[in-house]
Amino acid sequence: MNTILLGPPGAGKGTLAAMLKDNFGVLHISTGDLLREEMKGGTDFGKEIKKYVDSGALVPDEIVIKMIENKLSHKDKSPKGYMLDGFPRTEVQAKDLDRILKKIDRPIDFALYMEASLPVILQRLTGRRVCRKCGAISHIKNRPSKRPGICDHCDGELYQRPDDTEETILNRMQVYAEKTAPIVDYYAKQDKLETVSGDEETEELLKTVTKIWNDGHQSYKAKSAERN
Ligand code: AMP
C-alpha cells in the first residue's frame with residue numbers, strides 16, 4: 001500500500017506512521033526526520049536548513065523534493081509500499097510528487113488526512129519528547145518514559161524539539177493553514193482522500209486506519225453506491 005499522511009503538526013502522523021511501519025512493514029519516509037538527520041551532521045547544508053526548521057518555516061521546495069525523489073527511487077527497499085509523512089506540504093510539492101511517482105510507476109493508493117483540534121495539538125506538541133539516538137517519540141503526560149529523560153527503547157537521551165515551543169507551534173499552524181491545508185482538496189478532487197480524527201486515542205486510530213488499510217481505498221462513488 002502506498003500512502004501519504006496529511007494533517008497539521010501534532011495530528012499524530014509520526015506516531016501512527018511508526019505503528020503502521022511495525023504492523024505492515026512499509027517504508028516510512030518523513031521529510032522532517034530526513035532534515036533533522038542532515039542538521040545533526042552540522043554541515044553547511046545542515047546549518048542552512050536549521051534556520052527554517054527551528055523557526056517553523058518551510059524548507060524550500062526544491063530541497064525536500066530532491067530528498068523524496070532519492071528515497072523513493074530505491075524501489076527494492078520497500079516491497080510492501082511506502083508511507084510519506086510530512087510530504088507534500090505545498091501545492092508545488094504535490095504536483096512534483098505526481099511527476100516523480102509517474103516516472104517510477106508507484107502511484108499512491110490514498111492520502112490519509114488526520115484532522116486535529118488546536119487544544120489537542122498544543123497539548124501533544126509541548127509535551128512531546130524525542131529520543132536523540134533512535135527517534136522514538138514519547139510524551140511527558142500521555143506516554144511517559146519509565147525513567148524521566150531516558151528513552152525506553154535504547155536508553156538514549158530524550159529532548160524537546162526546538163520547534164515544539166508554543167510560539168513556534170503557532171507559527172507552524174499558520175504556515176500549515178496557508179500552504180499545506182489547500183492540498184487536502186488536491187487529493188479529494190482526485191478521489192484519493194480518506195479522513196480520520198487525529199484527536200482519537202492512538203490505539204483507536206490504529207484500528208480505524210488498519211481497517212482502511214486492509215479494505216483498501218474505495219472510491220467515493222463506490223462508497224455512496226454502498227450507502228444507497
Ligand atoms: P515535521 O517533523 O514533519 O513536523 O517537520 C519539521 C519541520 O521540517 C517543518 O516545520 C519544516 O520546517 C520542515 N519540513 C518537513 N517537511 C517539509 C516539507 N515537506 N517541506 C518543507 N519543509 C518541511
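The model is predicted.

The protein chain contains ten helices and eight strands. Its radius of gyration is 17 Å, close to the 17 Å that the globule rule gives for 228 residues, so the chain is as compact as a globular protein of that length. Along the principal axes, the C-alpha atoms fill a box of roughly 50 × 35 × 35 Å. Of the 228 residues, 45% are buried. Contacts were also examined by sequence separation. Among those between residues at least 6 apart in sequence, 73% join residues at least 24 apart.

The accessible surface of the chain comes to about 12,200 Å². Carbon and sulfur atoms account for 52% of that surface. The chain carries 37 positive and 36 negative charges.

Ser 145 lies in the loop between strand S6 (137–139) and strand S7 (158–159). Its relative accessible area is 15%; this is under the 20% cut-off, so Ser 145 is buried. Leaving aside residues up to four places away in sequence, Ser 145 touches Ile 150, Asp 152 and Leu 158. Glu 115 is 30 residues from Ser 145 in sequence. In space, the C-alpha atoms of Ser 145 and Glu 115 are 26 Å apart.

Technical notes
Residues numbered from 1 in each chain as written. Predicted model: local features only at pLDDT ≥ 70, side-chain atom pairs only at ≥ 80, totals over all residues. Heavy atoms only, no water. Helix = DSSP H or I, 4+ residues; strand = E, 2+ residues; numbered from the N terminus. Rg over C-alpha atoms; globule rule 2.2 N^0.38 Å. Buried < 20%, exposed > 50% of the residue type's maximum accessible area, 1.4 Å probe, protein only. Contact = heavy atoms within 4.5 Å. Areas by Shrake-Rupley, 256 points an atom, 1.4 Å probe, with all protein chains shown as cover. Lys, Arg positive; Asp, Glu negative; His and termini not counted. Charge placed at Lys NZ, Arg CZ, Asp CG, Glu CD.
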